[in-house]
Number of protein chains: 2
Amino acid sequence: MCDPELTGFSVNQMTVKQLSLPELVKGLVELGVPGIGLWREPVAEYGLAAAARLIRDAGLSVTSLCRGGFFTAIDPAERAAALADNRSAIDEAAELATDTLVLVSGGLPPGSRDLVGARERIADALAELAPYAAERGVRLAIEPLHPMYAADRCVVSTLAQALDLAERFPAEQVGIVVDTYHLWWDDTVAAGIARAGAGDRIHCFQFADWTTPLPAGVLTGRGQLGDGAVDFRWFRREVESAGYAGPVEVEIFNDGMWARDGREVLAETVARYREHTL
Amino acid sequence: MCDPELTGFSVNQMTVKQLSLPELVKGLVELGVPGIGLWREPVAEYGLAAAARLIRDAGLSVTSLCRGGFFTAIDPAERAAALADNRSAIDEAAELATDTLVLVSGGLPPGSRDLVGARERIADALAELAPYAAERGVRLAIEPLHPMYAADRCVVSTLAQALDLAERFPAEQVGIVVDTYHLWWDDTVAAGIARAGAGDRIHCFQFADWTTPLPAGVLTGRGQLGDGAVDFRWFRREVESAGYAGPVEVEIFNDGMWARDGREVLAETVARYREHTL
């Protein structure tokens, strides 16, 4: 099945994490979705080589692997462990035949209030990892996370900050992620997207909607497309105008969606993608 | 009691909302705190004229009144009601002898995804209200709220956005609020503070700490000073370097603090202010 409307469309496996990898792959093929976004933990659980084979045999394209990062530790042993883990993530991305490893850069170390220092340690880690990744055909994609995650998850909060970091390195080695959930509120995001596109830095483009009220911990309240505040057509237009012609991934973390039948959620996600983003 | 360290210090009544206004006034006087920040609802409950007299007789200075705003409605009747309510808020500020009305500008109307339009309606409302406020000696202080409130509470998410709005009006009529809770994560905030100070736009300076995990709804999880990620001395230095010599208000919404003895929380707040901000 080949539906031109779904060209470049990809569903990240976290959106329907209640499905096993074979169930998800089968569902995507049946629905005519050509791409899949992966996370390291469920891939490892299924087996890296087996996952790569399953996806390749189904003819799906792996649009990204989540996630590397967590680069902000000060302790040398923690820092070395993070770098080693990121080298493994790069190797896994290569084996899964994706060219994009998404990075969640890390928050403030316990007790620290030094945002500037944390951001510099991210740059140092990128300098060590980018050549290693490039040798394996993998690009590092810095994901700016919503500012509500700045303390405990990612001190890179805006597209401009992500680009300030990425632009220290060659564009084919380090780029950024445009994720509507994290960036929709920012009145400078159009300028950031244009800047990223002009420099060939858009390595990944992800959709999730913003809905309220936020749940405790604010991790699992992303909205199904169309349920919230995000204007997806606006984002698509800006990103495509900036020269991006790559895949679009839907990546939603939502307790309510995870509690439902996964195949039903998958079909709904494809329908919402058509209704709200094309 | 006059403690030079506490010159300009103010406690917003929401920080210890379990205290009645007379209890709070008495506590502040005993602790040597010269300022108080007020909210309209508890003031109305106590009685506007009585509150003004109580505070004046105690020799306290009212550093701000919260809050006006909610300017983003599209419906003409809702919009007229919001403007009328803001005129009342301005009158109340004048009667309470504060020169600063804090504005929470409003989120997206139900079903709307138009951030640009919502921000323009805020500017339109300011144009109607600023002269009315100026005639009564009241300045309108636009408070940029953390981006996690952009959909349902305030589409003004950064200091730069607040200044873009404020600078359309005379500085003695419309300015901004620097609140550490909302702005701490932003790597452009130093530039924003300098810009605001150079234009005499800093009308209010508020302290609360950023702690995680955030509670459901993300409204009542602000941290006591010193418990979180905010570098208060850094903020104070930037704001004072920008030419601001006005009061500093502590305004914390925290379920845990509200559940404790209010006088104890008040004393703790003064101690934390000395320990973490001077």
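The crossing of helices α4(A) and α5(A) is right-handed, a label used when the near helix is turned clockwise from the far one by less than a right angle. Before going on, note that this is a predicted model, where local features need pLDDT of at least 70, side-chain atom pairs count only at pLDDT 80 or more, and totals for chains, interfaces and linings use all residues. Residues are numbered from 1 along each chain as its sequence is written, chains are lettered from A and ligands numbered from 1 in the order in which they are written, and side-chain values use heavy atoms, with hydrogens and water left out.

**Two helices side by side**

Two packed helices are described by the angle between their axes and the distance between the axes. Here, α4 (residues 76-95) and α5 (residues 115-135) of chain A pack at about 35°, with axes 10 Å apart. Helices are DSSP runs of H or I with at least four residues, strands are runs of E with at least two, and both are numbered from the N terminus. The axes are lines fitted to C-alpha atoms, for helices over the stretch in contact, with angles from 0 to 180 degrees between N-to-C directions.

So who touches whom? On the α4(A) side you'll find A:R79, A:L83, A:N86, A:R87, A:I90 and A:D91, and their partners in α5(A) include A:R121, A:D124 and A:Y132; contact means heavy atoms within 4.5 Å. By class, this contact has 6 nonpolar, 1 polar and 6 charged residues. Ala, Val, Leu, Ile, Met, Phe, Trp, Tyr, Cys and Pro count as nonpolar, Asp, Glu, Lys and Arg as charged, and the others, Gly among them, as polar.

**Two pockets**

A pocket is an open set of points on a 1 Å grid over the protein atoms alone, where a 1.4 Å probe fits, with protein on both sides within 12 Å along at least five of seven lines; lining residues have an atom within 4 Å of a point. Volume is the space filled by probe spheres set on the points, which are joined across faces, edges and corners.

| Pocket | Volume | Lining by class |
|---|---|---|
| Largest | About 430 Å³ | 11 nonpolar, 1 polar, 9 charged residues |

Of the 21 residues lining the largest pocket, A:L115, A:V116, A:R119, B:D186 and B:D187 lie nearest its centre. Helix α5(A) gives the largest share of that lining, 4 residues. For the second largest pocket, α5(B) gives the largest share, 3 residues.
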